[in-house]
Amino acid sequence: MSANDHSPPSTRPGQLPEGLRLQTLAVRAAVERSQYGENSEALYLTSGFVQPDGATSARRFAGEEDGYTYGRSSNPTVTSMEMRLAALEGSEAALATSSGMSAIMLMCFALLKSGDHVIFSQSMFGSTIKLIGSEFARFGVESSIVPQTDLDAWRSAIRPNTRLLFAETPTNPLGEVCDIAALAEMSRQAGAWLAVDNCFATPALQRPMDMGADIVMHSGTKYLDGQGRVMAGALCASAQLIKEKFLPVQKNSGMVLAPFNAWVVLKGLETLDLRMRAQSALALEVAAWLETHPAVARVYFPGLASHPQHALAMRQMGGLGGAVVSFDVKAASPEQARARAFHVLDSLQVLSLCTNLGDTKTLLTHPASTSHGKLSEAQRQAAGIGQGLIRVAVGLEHIDDMKADLLRGLDTLEKLT
Ligand SMILES: *Cc1c(COP(=O)(O)O)cnc(C)c1O
């Protein structure tokens, strides 16, 4: 059983036997019950913790004794969420943060200094590209942007000052898959860390640390919560990395997860495996069906045999493709593509036009004008995000209702001028 090094020993799940399976840990891993015997994990909504006496308080603040002191350092509900996620990812420890982006911010802040070099792919989440490529550049952090699937490009981008390789697989929104084990080997040889954004696959399908990654980053806002309720993020890593690098930065910067949000994600993790399997199966059906529609130019989904990295994806993601499907509507020009994509989105009566994913509700977005809207046209083209691209984050509605709602727009495109 993995536990967080920074959690007080008195709160570790002492009653749980060794060797429990993932499905069991997903509903059981947490701090110990309080004296009241609550069955659902307690929500500790408190910013401070009463100290038994001055000497104990002094030892806790000096780091000589474990114990909760103040909400910016830790909170038992947050610890429960961290323990449960660490158990699912197979990592020694985890650290919860206020959002996925704050997890990336914290990771880069903790690992990098001026003059260091980061390699990441051009298909990564738009804000990740902006944060590392622009914001951290202001503080002298260098970066190289490489094509997601080109291992030789990653390799030749390595420099003596390369400290971090940061991959996201599958990517948002095109579902490009990269070889985690190969990148892990490459980063080990370069003396750099490999971090993997595991938002799209989640530990239910893919465990990057088993393939050699040093750090797994999560937006808990997505599938970990799973019902579109709260913002959250996390970093999973060795207890040493968390304790020595990440925790001090978090304590001093305040990028902590609120206990209520931690509690929501904690409960979300209980159904993660079931949801991911059900939503991935529905996504495969939607993707295969979209591929046959005459108004659709191309479908991007790792679970389809037509996907360029299909074999790697199946090997790396437990035989499932995840639950995000993207497709291009057929069009003669970028202007027409945008108008057609908007028509499909504006015709929806059931599914949501909503910039999120990982919800039980199916959510559609137009990446070129939302998640990737702030990129330059050149960056957007390099990432392959066209004006006719629609992303479908498949939820749990009935498959026939999903198809009927998509058809409202797809079957009426000829009415557009
Ligand atoms: C949403 C998302 C993020 C950012 O997470 P937030 O919780 O929105 O800050 C990072 N990476 C990927 C792949 C995402 O989908």
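Predicted model: local features only at pLDDT ≥ 70, side-chain atom pairs only at ≥ 80, totals over all residues.
1. Searching the whole structure turns up 2 cavities of 30 Å³ or more. If you wonder how such empty space is found, rolling a probe the size of a water molecule over the atoms shows where it is left.

2. Now for the second largest cavity, which holds about 30 Å³ of space. Its lining is made of Pro 170, Phe 200, Pro 302, Met 317, Gly 321, Gly 322, Ala 323 and Val 324. Sorted by class, that lining has 6 nonpolar residues, 2 polar ones and no charged ones. Keep Pro 170 in mind, as you will meet this residue again in point 7.

3. Next, have a look at the largest pocket, with about 450 Å³ of space. It is lined by 30 residues, and the closest to its centre are Met 101, Phe 125, Ser 127, Lys 222 and Ser 371. Helix 4 (100-111), helix 5 (126-135) and strand 6 (215-219) each supply at least two residues of this lining. Helix 5 gives the most, with 4 residues. The lining of the largest pocket comprises 9 nonpolar, 15 polar and 6 charged residues.

4. What takes up the space of the largest pocket? The ligand does. Around the ligand you will find 15 residues, the closest being Met 101, Asp 197, Ser 219, Thr 221 and Lys 222. This shell divides into 8 nonpolar, 4 polar and 3 charged residues. Helix 4 and strand 6 each supply at least two residues of the shell.

5. Then go to Ser 219, with a polar side-chain atom 2.7 Å from a ligand oxygen atom. Lys 222 also has a side-chain N or O atom 2.7 Å from an oxygen atom of the ligand. Taken alone, the ligand exposes 380 Å², and the protein buries 94% of that.

6. Finally, a few backbone details deserve a second look. Most residues other than glycine have a negative phi, and most peptide bonds are trans. The bond joining Thr 169 and Pro 170, however, is cis, with omega about -10 degrees. Another cis peptide bond runs from Asn 172 to Pro 173, with omega near -5 degrees. Pro 170 is placed in the loop between strand 4 (162-168) and helix 7 (180-190), and Pro 173 is likewise in the loop between strand 4 and helix 7. As promised, Pro 170 is also one of the residues lining the second largest cavity.

7. One more residue to check is Thr 202. It is not a glycine, yet its phi is positive, at about 65 degrees. You can find Thr 202 in helix 8 (residues 202-205).

How values were computed:
Residues numbered from 1 in each chain as written. Heavy atoms only, no water. Near = heavy atom within 4 Å. Polar contact = N/O pair within 3.5 Å; in protein donor to acceptor, adjacent residues only side chain to side chain. Areas by Shrake-Rupley, 256 points an atom, 1.4 Å probe, with all protein chains shown as cover. 1 Å grid on protein atoms, 1.4 Å probe; cavity = no way out; pocket = protein on both sides within 12 Å on 5 of 7 lines; lining within 4 Å. Sits in = over half its atoms within 2 Å of the grid points. Nonpolar A, V, L, I, M, F, W, Y, C, P; charged D, E, K, R; others polar. Points joined across faces, edges and corners; volume = space filled by probe spheres on them.
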